[in-house]
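I opened the notebook today to look up a few places in this structure and to write down what I found at each one.

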Amino acid sequence: MIHSLFLINSSGDIFLEKHWKSVVSRSVCDYFFEAQERATEAENVPPVIPTPHHYLLSVYRHKIFFVAVIQTEVPPLFVIEFLHRVVDTFQDYFGVCSEPVIKDNVVVVYEVLEEMLDNGFPLATESNILKELIKPPTILRTVVNTITGSTNVGDQLPTGQLSVVPWRRTGVKYTNNEAYFDVIEEIDAIIDKSGSTITAEIQGVIDACVKLTGMPDLTLSFMNPRLLDDVSFHPCVRFKRWESERILSFIPPDGNFRLLSYHVSAQNLVAIPVYVKHNISFRDSSSLGRFEITVGPKQTMGKTIEGVTVTSQMPKGVLNMSLTPSQGTHTFDPVTKMLSWDVGKINPQKPPNLKGTMSLQAGASKPDENPTINLQFKIQQLAISGLKVNRLDMYGEKYKPFKGIKYMTKAGKFQVRT
Amino acid sequence: MRPLSLACRWRPSCCSYLTLPIILFLILMKMMYFKLPIIKIKVWIFFLLFCNRNEDLKQMLESNKDSAKLDAMKRIVGMIAKGKNASELFPAVVKNVASKNIEIKKLVYVYLVRYAEEQQDLALLSISTFQRALKDPNQLIRASALRVLSSIRVPIIVPIMMLAIKEASADLSPYVRKNAAHAIQKLYSLDPEQKEMLIEVIEKLLKDKSTLVAGSVVMAFEEVCPDRIDLIHKNYRKLCNLLVDVEEWGQVVIIHMLTRYARTQFVSPWKEGDELEDNEKNFYESDDDQKEKTDKRKKPYTMDPDHRLLIRNTKPLLQSRNAAVVMAVAQLYWHISPKSEAGIISKSLVRLLRSNREVQYIVLQNIATMSIQRKGMFEPYLKSFYVRSTDPTMIKTLKLEILTNLANEANISTLLREFQTYVKSQDKQFAAATIQTIGRCATNIVEVTDTCLNGLVCLLSNRDEIVVAESVVVIKKLLQMQPVQHGEIIKHMAKLLDSITVPVARASILWLIGENCERVPKIAPDVLRKMAKSFTSEDDLVKLQILNLGAKLYLTNSKQTKLLTQYILNLGKYDQNYDIRDRTRFIRQLIVPNEKSGALSKYAKKIFLAQKPAPLLESPFKDRDHFQLGTLSHTLNIKATGYLELSNWPEVAPDPSVRNVEVIELAKEWTPAGKAKQENSAKKFYSESEEEEDSSDSSSDSESESGSESGEEGDSNEDSSEDSSSEQDSESGRESGLENKRTAKRNSKAKGKSGSEDEEKENEKSKTSDSSNAESSSIEDSSSDSESESESESESESRKVTQEKEKKTKQGRTPLTKDVSLLDLDDFNPVSTPVALPIPALSPSLMADLEGLNLSTSSSVISVSTPVFVPTKTHVLLHRMSGKGLAAHYFFPRQPCIFGDKMVSIQITLNNTTDQKIENIHIGEKKLPIGLKMHVFNPIDSLEPEGSITVSMGIDFCDSTQTASFQLCTKDDCFSVNIQPPVGELLLPVAMSEKDFKKEQGMLTGMNETSAVIIAAPQNFTPSVIFQKVVNIANVGAVPSGQDNIHRFAAKTVHSGSLMLVTVELKEGSTAQLIINTEKTVIGSVLLRELKPVLSQG
């Protein structure tokens, strides 16, 4: 399976290598660099690159390429999914996954990687188990370690790996027992020129932060489970119960985890909470273009829309823009031609507006396409699909946990064509 | 200066530090003096530092302090990570392999694995440490020793590795066995000669019932001997059933393997109808070889139950969070399920499109291949493939590809509108791809050809050259397909020649004019004239087309173009490119009449202006379908090393009985009612599948109808297609529906139980009879259910025989037990009809747990049964001498306690041996260990002389043999007494089938297993004696056993409800193995200690 892993930064340096079988020379990455050069943009580097003796499967995240070297046939998603899991684990361990952080914690990284794969086959990928094997570095622990001489490597043995609930470690103890669930929905939509919805769907997740003592057995039920069109679960969820009763029944992992992700695709039901009015025009003759955008609320169920940002990739012909926003701040990068406008909260009485002129390259013909507008926003305390958690019950433990549910709607890939 | 500052950092642990910078400085000065190149100096400094550093590290490694060692190891690992060579430190590092500090040890392992191959001799020094660790009582240490040992790639230790693997594969801990499975692959890659021996180990491990091992051993199987499909037969059903519980990575491997297996073992479920319909619907469908096959096979198709089992058991995995698992299931459905059922995978695949770019890329590729063959699958999700401006180009192109595949008469107008947006995209590469797409849609869907053509012509006036060029190429192809007059377009394109510079486009225009030179008689010669002028500066591709154009004009219009053509031919003759020179020579011979030219030149016109077949615009994914989906080979469209071909369906299924496993299930066969039911359900199972296929036929029919009916408007079309898809879903999901209902019933029961827990016990008691009936019936239900899944028809034959045998043994056993049983005989017969108890059998959490664990179709049936035997032995609580005349005895009635479900019920008999009344007998101060609880009996007002009274009480011992001390008080005195429960009384018997027993036992291995060997005279090993002895000691229920030499008993602990599984296995030579599996290892070992002497004595 996975032979070796190389970590390559954006400037093309291999800053970490790890081999699970015999050593593969790092010169194999030359093929990767070649492909990278050809692709011009990092995003366009093909995830699978064949070389004469190996195959390179790569994942690009946090400006780092994770390049896995394999030698024989293997489902490519297997490797890709695993690499993503590695990135997630690093993020989990160090908070951020970046080159300096990895370099600083190279020993922990190495130990973690060693545990994750054996002979190229995944061994322990649950972060709960890994954390029992190798404790994540914290400032406190580093201090303690230097004083007492103890280590990051857990001296307890990870019993979770052997149990029937491998995702949960044993002997969990908390003084405050709490379970929080965040229902986060993202709207993916394409809105056309005239403001009508071309496609819209809702992708939701339920992220949980569970800090409960012992082996609690939780059930979570919804008011309207039929809404969920397609779901995927954390392995802890009992599928049978869901099939028969539409109830999520599970023994949770300790700490943060994604309980469920779901999809609501009833095409016409998706309420689009914002509207964007735009008037962007280039004139053939003049070197000035007009630009005006207004963002306003629509179907928000009385909630405020926050954190609104508008970004747009302007055509190459645009030299500069002089704009005045009614609120927020805006920037235009004349090199990348990226316009971004940080709007903030939308006041329904006074919809924010950005207005001004674009100066175009003199003599150049007018661009054939108006720029697409990408929108980001957040609405607290609202699940746009209408999904509601009914109740959360706990069995198997005696104490009363503190429970909390939070709803949020965000823009996912929200595009307005102009 | 960087090196110097580095040197300073190392100061603390080196001795010659102060001097070092000075020396360096001196060297530097000296070199400067000699004007050596600066680079060289740097190298020098680095070299010096390096040597020094390694010395430094060596010293640290040899120091006594762990912290120094650890520091050194950390730095060495840092070097390895950066790819620097640290091999010369090997001797110093390897010494620390036996370090007590775990982190040092682990880092040394990392180092060893990295460099052992290079330093083989030195690596051998470490081997003995691992060999010792392989015998460690701790399973995790054994496992990690095996892991490192097998990772050291030193050929000399192959025999040691082989031995270690063999031993580990028989280890009690599944975790160690898992590591053994990994080690197999490592050893195989180190020394392929060991293959035969390794296959033996694989064979053994494949039989393993632990979910932990399954994934790894299948991986080893795939790597070492993927062709030994015969090893799988016996384990097929087990693998199918375990699949849901295996860890996700293992699932992927197992599913891929089972897909291959299914293709060799079952006949094709794809019916002719399916195939034909597919062909009609599809433009690209190549003649499948399957089609011929299905034609031959006319007899009605019934799916092998094992085939069905696989398809059904993989379905829940579509909900996995792991994209690789979802993809694996999707390819399984694609390759082995009936075509009508494969529809369910599309939803899950579309879901994956939300994932990261790389996942999207792979998934889209697979969808592209699928959508060529079966469009209907993804049509409802058309809009999910709409392109966003932020997608990377490769994703855009793939989405476009899929959109093209999905285009049909109904949705083409919507799609074209969408394409219009794409054409304007700033990403010109993508715009070009869109134009290609429009061309393909135009050729595939006749209705829109003209619209598309017009649209493309409009694009010719686009400002961007790439767009125009692409349009030209596509228009050329379209025009070629349409023999209709398109003079205007050609004229327009001829004008473009002046402005367009892209060679392909120029060549296309020239070709088009040449082909239609008779339709544009005025323009063509003029074009040739212009081209002749620029011939020398044209691209090779264009030059060839100029030659062609010249030749064609020469043949049709030689008057005007003769000279021009000859001029061009002369230019071509001296061209640098030999291809062009060749072509020139060839054309000249063919068209210019001279004496040498033979008969061919007469046909020159026919040769050049023959009707040419229109090009077929094909999907680039068309030829990928011969690769298994989801594989690397499919992604690359090249056969990757180690790719295993997916075989075609066999025409006649190989013998299905090879998959039968000799497991005799007794519990269900003991009741005749259950048996009848089971047969019933089996029948239903078959008829259902047939019915389903019929209905699926009709459903797909209706779907195609609805597709054509739906109007031009995109939205309404979307709706209807979605409807039909949901229909399809429900159809395919129907058969699982039944099952769901059943589980629902079961679940609600479990829930009801937990609810009633808090209720009054009296109420419950009155309900007992009702609920117990219901309970038992539901149990029968589910057991017959699981039966029908796991058994195949052919097996039932062989089972009947054994069943009869079993009946006999049962009959033989019953009278024996009668003798010992002191209870009412009606009550006894616990195994045949498990009578549910009023109190919840298992705590709700455990119940739910068990359900969760058994996501696979067969769920185990575990319920508390009545005690088989109640010993009369009483224990003295208070002797009459010490109790001043009050005597107390207690015994365990082995009944579930009425005071609480976690309590053990105890009956206390009080005797008054004095000649006076004893008044107010009650329980005084209790001294209970933490956790223990006690429910006291009501105070007794008075006890007459010579009188005796029996009271019952309950104590929750928390599953321990701790002593409960309390005071038994009378009016005047208090006596301290204590009750220590025999371990056997902390249990409640449980009725379960042999299959469930084995399954549970499989989960309770390793640390949870204790065993002992018993030696006794053979007469002590008769079934009845063993039975009597065991139930005398412990309150356990007998589990029907298929083998005469194995006796199984099951119980659960009263407090926590943990299972306690006792197995007595008779061996040859008057020995027997006593095995106890339980999570409560303490009680387990105590019970073992108690059972052992009892069983061995006469």
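**Two residues in a loop of chain A**

I began with Lys63(A), which is exposed, having a relative accessible area of 59%; I use buried for under 20% relative accessible area, exposed for over 50% and partly exposed for anything in between, with a 1.4 Å probe and protein chains only. Lys63(A) sits in the loop between β4 and β5 of chain A, where helices (H or I, at least four residues) and strands (E, at least two) are DSSP runs, numbered from the N terminus. I noted that Lys63(A) has a positive phi of about 60° although it is not a glycine. His62(A) belongs to the loop between β4 (55-61) and β5 (64-70) of chain A, and its phi is also positive, about 50°, although it is not a glycine. His62(A) is partly exposed, with a relative accessible area of 35%. I wrote a reminder beside this: most residues other than glycine have a negative phi.

**Ground rules**

The model is predicted, so local features need pLDDT of at least 70 and side-chain atom pairs count only at pLDDT 80 or more, while totals for chains, interfaces and linings use all residues. Residues are numbered from 1 along each chain as its sequence is written, chains are lettered from A and ligands numbered from 1 in the order in which they are written, and side-chain values use heavy atoms, with hydrogens and water left out.

**The two chains**

I looked up chain A and found seven helices and 23 strands, with 57% of its 418 residues counted as buried. Chain B has 43 helices and 16 strands, and buried residues make up 58% of its 1098 residues. Counting contacts (heavy atoms within 4.5 Å) in chain B between residues at least 6 apart in sequence, I found that 70% join residues at least 24 apart.

**Nonpolar cores**

A nonpolar core is a set of buried Ala, Val, Leu, Ile, Met, Phe, Trp, Tyr and Cys residues joined through side-chain atoms within 4.5 Å. The largest one has 265 residues, and those with the most contacts inside it include Leu16(A), Ile76(B) and Phe385(B). Helix α19 (residues 323-336) of chain B gives the largest share of this core, 12 residues. I also noted a second, separate core of 72 residues, which includes Ile191(A) and Phe377(A). Which residues does Ile76(B) touch, not counting residues up to four places away in sequence? I listed Leu57(B), Leu61(B), Ala86(B), Leu89(B), Val93(B) and Tyr111(B).

**Strands**

In chain B, four strands form an open sheet in the order β7-β5-β9-β10, with antiparallel pairing; two strands pair if DSSP finds at least two bridges between them. β7 (940-943) and β10 (974-979) of chain B stand at the edges with a single partner strand each, so one side of each has no neighbour in the sheet. Strand β9 (residues 964-969) of chain B pairs with β10(B) in the antiparallel sense over six bridges, and Ala964(B) has Ile979(B) as its bridge partner in β10(B).

Four bridges join β11(A) to strand β13 (residues 255-264) of chain A, and the two run antiparallel.

Helix α30 (residues 540-556) of chain B has 17 residues, which at 1.5 Å a residue should span 24 Å, and its end C-alpha atoms are 25 Å apart, which agrees; the expected span is 1.5 Å times one less than the number of residues. Of those 17 residues, 13 are buried. Asp539(B) caps the N-terminal end of α30(B), with a side-chain oxygen 3.0 Å from the backbone nitrogen of Leu541(B).

Helix α28 (residues 503-515) of chain B is mostly covered too, with 10 of its 13 residues buried, and what covers them includes α26 (465-481), α27 (487-496), α29 (523-534) and α30 of chain B.

My last entry is Lys612(B), which lies in the loop between α33 (604-608) and α34 (632-636) of chain B and is partly exposed, with a relative accessible area of 27%. Lys612(B) and Gln480(B) are 132 residues apart in sequence and 8.1 Å apart in space, C-alpha to C-alpha.

Notes: Polar contact = N/O pair within 3.5 Å; in protein donor to acceptor, adjacent residues only side chain to side chain.
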